[in-house]
Amino acid sequence: MRKVFQAELHQVGEELIQIATLVREALASAKDALLDADIQLAEEIISNDARIDFLQNDLDERSIDILALQSPVASDLRMIVGALRMSASLERAGDLARHLAQAVRLRYPEPVIPEPLVDTFTRMFDLDLQIVDRVIQVLQTRDLSLADDIYSLKGEVNKLHQSVFDALAAPSWDCSVPTAVDVTLCSRYLERIGDHGVSVTRKVSYLVTGDWVPASSDRPTGHGHVGRDGGE
């Protein structure tokens, strides 16, 4: 029975990595779709989000079954409860990538991001992709030395998110109201994706150490707090 239990726990961990990998793919595709006004790619992202939702539901059902049938204790219990919470964060990050694709579909054939902000959004995407890459590494290895790197990257995302608001408030801003709304929302989506990466990292830290660090204790960098969890 113990071997079966450990195999089930391993499967939960593998599904978390699979979900995170799909989120990474969705985010990379969303970058190309948003910056290139690629409607076909946007439609693929929207359609493929169902796969992330399915895997999250499967993981959650598997975790609940383990709780009901195996009566796990201590670190095993932390692993299952943590997996339930991490899957929710990862699924939400996938939803945000879908929202970016939906913005492309809404404005096509016009670009969502005006030319003066293309470099800013390119950098935000690149930072978020680095965060997700490191989150996948953390899930695979439980290497908490990556956490500071993730927090630092999130701080850079925060600064760029703030710079978008600064651009919107500048006297030189001359784009339409719908464009301003799109830019605000898309910047927020990218900022929140970074938040979910931080959230997953903190939960892995809890699994490894057994110590829960409140979000408010994470170091703020730039605009906002890097430890703010999605949905918590």
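Leaving aside its neighbours within four places in sequence, which residues is Leu139 in contact with?

Analyst: The model is a predicted one. Beyond its neighbours within four places in sequence, Leu139 is in contact with Leu16, Ile17, Ala20, Met86, Leu90, Val200 and Val204.

Leu139 also belongs to the largest nonpolar core, which has 65 residues. Together with Leu34, Leu100, Ile113, Phe121, Cys186 and Leu190, Leu139 is among the residues that touch the most other members. At least two residues of this core come from each of helix H1 (2–36), helix H2 (39–70), H3, H4, helix H5 (147–169) and helix H6 (177–209). In soluble globular proteins, nonpolar side chains tend to be buried together.

Helix H4 covers residues 118–141. Its 24 residues reach 35 Å from the first C-alpha to the last, close to the 34 Å expected at 1.5 Å a residue. Just after H4, Arg142 adopts a positive phi of about 60 degrees.

H5 has 23 residues and a reach of 34 Å between its first and last C-alpha, close to an expected 33 Å. Its buried residues include Ile150, Leu153, Val157, Leu160 and Val164, and also Lys154, Asn158 and His161. H4 and H6 are among the elements that cover the buried residues of H5.

A contrasting site lies in helix H3 (residues 74–107), the place of Leu77. Leu77 is partly exposed, at a relative accessible area of 34%. With Leu67 and Val81, Leu77 makes a nonpolar surface patch of about 190 Å².

Note on methods:
Residues numbered from 1 in each chain as written. Predicted model: local features only at pLDDT ≥ 70, side-chain atom pairs only at ≥ 80, totals over all residues. Heavy atoms only, no water. Patch = residues over 30% accessible without salt bridge, like charges linked within 9 Å, V, L, I, M, F, W, Y side chains within 5 Å. Areas by Shrake-Rupley, 256 points an atom, 1.4 Å probe, with all protein chains shown as cover. Salt bridge = Lys/Arg side-chain N within 4 Å of Asp/Glu carboxyl O. Helix = DSSP H or I, 4+ residues; strand = E, 2+ residues; numbered from the N terminus. Buried < 20%, exposed > 50% of the residue type's maximum accessible area, 1.4 Å probe, protein only. Expected span 1.5 Å × (residues − 1). Core = buried A, V, L, I, M, F, W, Y, C linked by side-chain atoms within 4.5 Å. Contact = heavy atoms within 4.5 Å.
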